[in-house]
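The following note sets out what may be said about the fold, the core and a few individual positions. Please read the numbered points alongside the sequence and the coordinates.

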Amino acid sequence: MIEIHAVTVDAADPYEIASWWSKVTGLPLGEGDKPGDDEVLLRTKQDPFLLFIRVPEGKTVKNRVHFDVNGTEGRTRDQEVEWLIGLGATVHDDLRQPDGSGWVTMLDPEGNEFCVCRSQAEREAQG
């Protein structure tokens, strides 16, 4: 048996994109991580943590692994989407449905896909 220690994200600028995700999630950067580093950690409450590493090539195809996120602190999926746009994310594919289900696929500032889903409160309220 094995444990997953980290989820690694390829990056053009690990410090910059890890800092963006830190702002979005509230998770702290690794101790001592600084601009220009080739590897930057984003500390989670427990393993796996997120590791952003510098790679020479740019992103060319859809990610095979991505984050699914949802609102906290009473914010809805739609409020989170607007907040993330304000932080530099872009909408890639809007799959929200009239009945309130669905999600929004977004791109972080380096073009990595992630999905914004309904919050737990929204799922409970809408069934």
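1. Helices (H or I, at least four residues) and strands (E, at least two) are DSSP runs, numbered from the N terminus. On that basis Glu 57 falls in the loop that joins strand S3 (49-54) to strand S4 (67-70). The model is a predicted one, in which local features need pLDDT of at least 70 and side-chain atom pairs count only at pLDDT 80 or more, while totals for chains, interfaces and linings use all residues. Residues are numbered from 1 along each chain as its sequence is written, and side-chain values use heavy atoms, with hydrogens and water left out.

2. Overall architecture. The chain contains three helices and seven strands, and their order from the N terminus is β-α-β-β-β-α-β-β-β-α. Along the principal axes, the C-alpha atoms occupy a box of roughly 45 × 30 × 30 Å. The radius of gyration, taken over C-alpha atoms, is compared with a globule rule of 2.2 Å times the number of residues to the power 0.38. For 127 residues a compact globule would come near 14 Å, and the 15 Å of this chain agrees with that.

3. Burial and contacts. Buried means under 20% relative accessible area, exposed over 50%, and partly exposed in between (1.4 Å probe, protein chains only). By this criterion 35% of the 127 residues are buried. Contact means heavy atoms within 4.5 Å. Among contacts with a separation of 6 or more, 49% link residues 24 or more positions apart.

4. Two strands pair if DSSP finds at least two bridges between them. Three strands make up an open sheet with the order S1-S3-S2 and mixed pairing. S1 and S2 are the edge strands, each pairing on one side only. From one strand to the next the twist averages 25°. The S1 and S3 pair is parallel and extends over six bridges; Thr 8 stands opposite Leu 51 in S3.

5. Helix H1 on the sheet. Axes are lines fitted to C-alpha atoms, for helices over the stretch in contact, and angles run from 0 to 180 degrees between N-to-C directions. H1 lies across S1, S2 and S3, and its direction is at about 10° to S2.

6. The largest nonpolar core. Such a core is a set of buried Ala, Val, Leu, Ile, Met, Phe, Trp, Tyr and Cys residues joined through side-chain atoms within 4.5 Å. The largest one has 19 residues, of which Trp 20, Trp 21, Phe 52, Leu 84, Met 106 and Phe 114 touch the most other members. Two or more residues each come from strand S1 (6-11), helix H1 (14-25), strand S2 (39-42), S3, helix H2 (77-86), S6 and S7. H1 supplies the largest share, five residues. Apart from its neighbours within four places in sequence, Leu 84 contacts Trp 20, Val 24, Ala 89, Met 106, Phe 114 and Val 116.

7. Arg 77, Glu 80, Val 81 and Leu 84 are the buried residues of H2. The face turned away from the buried side carries the exposed residues Glu 82 and Gly 86.

8. Backbone points to check. Gly 88, which follows H2, has a positive phi near 115°. The peptide bond from Asp 47 to Pro 48 is cis, with omega near 5°, and Pro 48 sits in the loop between S2 and S3. Most residues other than glycine have a negative phi, and most peptide bonds are trans.

9. Is Asp 37 buried or exposed? Asp 37, in the loop between H1 and S2, is buried at 16% relative accessibility. Leaving aside neighbours within four places in sequence, Asp 37 is in contact with Pro 14, Gly 32 and Arg 54. Asn 112, in the loop between strand S6 (104-107) and strand S7 (113-117), is likewise buried, at 10%. Glu 57, by contrast, is partly exposed at 49%.
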